[in-house]
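Here is a short tour for anyone who likes to check geometry against numbers. Have the model open in your viewer as you read.

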Amino acid sequence: MNEHTDTDDVPDEDGAAADSESERAVDDEAEESPPRTGRDETVESTADEVETGEETAADPTADAADGDAESDPRSDGDDSVTDLGSDVTVEGEEATVAEDDENLLGGLDVETTEEIEVPDRLVDQVIGQDHARDIVKKAAKQRRHVMMIGSPGTGKSMLAKAMSQLLPKEDLQDVLVYHNPDDGNEPKVRTVPAGKGEQIVDAHKEEARKRNQMRSFLMWIIIIAIFGYALFFARSILLGILAAGIVFLVFRYMNRGSDAMIPNLLVNNANQQIAPFEDATGAHAGALLGDVRHDPFQSGGMETPSHDRVEAGAIHKANKGVLFIDEMNTLDIRSQQKLMTAIQEGEFSITGQSERSSGAMVQTEPVPTDFIMVAAGNLDAMENMHPALRSRIKGYGYEVYMDDTIEDEPEMRRKYARFVAQEVEKDGRLPHFTQEAVEEIILEARRRAGRKGHLTLKLRDLGGLVRVAGDIARAEDKDFTERGDVLQAKRRSRSIEQQLADNYIERRKDYELTVNKGSVVGRVNGLAVMGEDSGIVMPVMAEVTPSQGPGEVIATGKLQEIAEEAVQNVSAIIKKFSDEDISQKDIHIQFVQSYEGVEGDSASVTVATAVISALEDIPIEQDVAMTGSLSVRGDVLPVGGVTHKIEAAAKSGIDRVIIPAANEQDVMIEDEYKDQIEIIPVQHLSEVLEVALAGEPEKDSLVDRLRSITGQALDRQVGPGSPSPQ
């Protein structure tokens, strides 16, 4: 903020006189904005122009606040904030809605998204997350902290920004740091109404400029006098030059002392239209908590005064606003402890964060940190979070879990159409979308939800699809983004996992590793997912061998804990139905080319089928792929990612796929695959064997035996349950 770099802590006589005069003005100003404890006794000079015009300087902020109190929906007491998630409007009117609930736009009658109005408030732009929006509204009104946990891209940061718009702006403050003549390493802190800090600093600079100008005039008079004396009386030019140089250095030294009186504007909210929003995600200690710059010149009158080296942290800039920290567990424990102190005390002193820096000797008076903290992250974010910090949030705020999907209703589909319009307006360079293009986006939202009758709320990824489609249309100089552009964008915007999965499929075809014809004993085409949106065919092979000791089940393929437990569950089923004594046999199970490992239990049905085939020496049809979890009673339970798994099977040339009956409602494959593959829902392992095993006499005998052993298990209906991770 200050124009000087070298100052001295000792004020000159002129500065002392000016300070004594300005201290009286500071006392007058203290009536309006009381300083923090003990901070006004030695506060440096503030220009008379600011002090005499104090009332007019403060009034614009107050007048603006008073004038906006009735019209500003962010004001406390304004009932308009309760109307979150406003209805979709078209060209200033309520949207025309048809009665057909099956309409992909929810009955919205528009030709392009250009006709859809985008709400001004961020809180109204959030799609879904009704519970979280309600919490944000309450937290903003009551000034409570919030912790949001959920999948990435579900709107956590957007809700945090929305909270800053809901907070009142009339309480904002500027923070000034002053030189402390008693102790240069303990700068003084003062708060003033927003916008007044700049006026005070400018007034100090103007006063210092006038003082320096007067000193310069006096200096040149003295130098001229010295030269005159040296030339006409002492008759020694060298003596005159030496004396003039000494006078020049003395006056420059005095000027630095005058500049040291200029305060440092630490936090400036003059142009802030809404409450501050500070994103401190991944911030290091200095950026979060404030810091003091290192000064290589620490003596000899060349040092920069300590107050001029103080830097505000995110916790100070967020005063009276919102501090947002995503992935809270990435902060180290000491930073979390200090953050907890700032939350509890409402103020936090700034000191140098580096122990080797000269700034480590500097510590300001406490700087206000009256912010609302919004902590966010995935479920694992709570594991490394300081328990006391979480207790502060939980005890004095709200915890909310973000939804991944929302029910597919006409109103929501209308809001998804508005979401496309929002993304276009936010980007500013994309052509608006036609009705058919928006419908394709909504179909993709259904598909990515992975649940029948739901739409995905991972809108960051969906927004990426919108931008890619818009870029394609813009590259072709189209007036609007069309359905074909969206379809092309879906191919271009494949995730890394999907690209890898497609490469695996192609490579296996090249090396004939994918078997989709004939029948093989002990080999099953299993299905798995990579990431969240990529399916892959993963063969599972089983072999039964004589054991050198007690029989055991040996599985290879980098199995994780859940997958290992699934294999053990399968062994229980095998022991129950098998006529053979397997206590003296080893059962080897191999997940072929499982480079990334297997995490979930969705391969349970695959493993059981492969082992039973190896035990009974009955071949398995290779044009069949399967997925499904398995209970110890033989029930086929639902899993996740069935849509992507089915598409992977179709890409591999497989004709039929077996899925849990409970997942039948979740299948939303692309139209191009519907005629390529037959989907067979099952409820029990015996149904899987009946479809997958080859050889009628042996298969029928085995299935009948399994049915007789499991008894009433087949009569039970499998409920929808919770999909497994894989």
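The notes below cover salt bridges and a nonpolar surface patch.

## Ground rules

This is a predicted model, in which local features need pLDDT of at least 70, side-chain atom pairs count only at pLDDT 80 or more, and totals for chains, interfaces and linings use all residues. Residues are numbered from 1 along each chain as its sequence is written, and side-chain values use heavy atoms, with hydrogens and water left out.

## Salt bridges

Counting a side-chain nitrogen of Lys or Arg within 4 Å of a carboxyl oxygen of Asp or Glu as a salt bridge, the total is 27. One of them joins Arg 483 to Glu 440, at 3.1 Å from N to O. Helices here are DSSP runs (H or I, at least four residues), numbered from the N terminus.

Glu 440 is buried because its relative accessible area is 6%, the cut-offs being under 20% for buried, over 50% for exposed and in between for partly exposed (1.4 Å probe, protein chains only). Arg 483 is partly exposed, at 39%. Both partners belong to a salt-bridge network that also includes Arg 447 and Glu 670.

## A nonpolar patch

Tyr 229, Leu 231, Phe 232, Phe 233, Ile 237 and Ile 241 make a nonpolar surface patch of about 710 Å². Patch residues have over 30% relative accessible area and no salt bridge, with nonpolar side chains joined within 5 Å and like charges within 9 Å. Helix H7 (196-232) and helix H8 (237-259) each give two or more residues.

Terms used: Accessible areas come from the Shrake-Rupley method with a 1.4 Å probe; for residues, only the protein chains shown count as cover.
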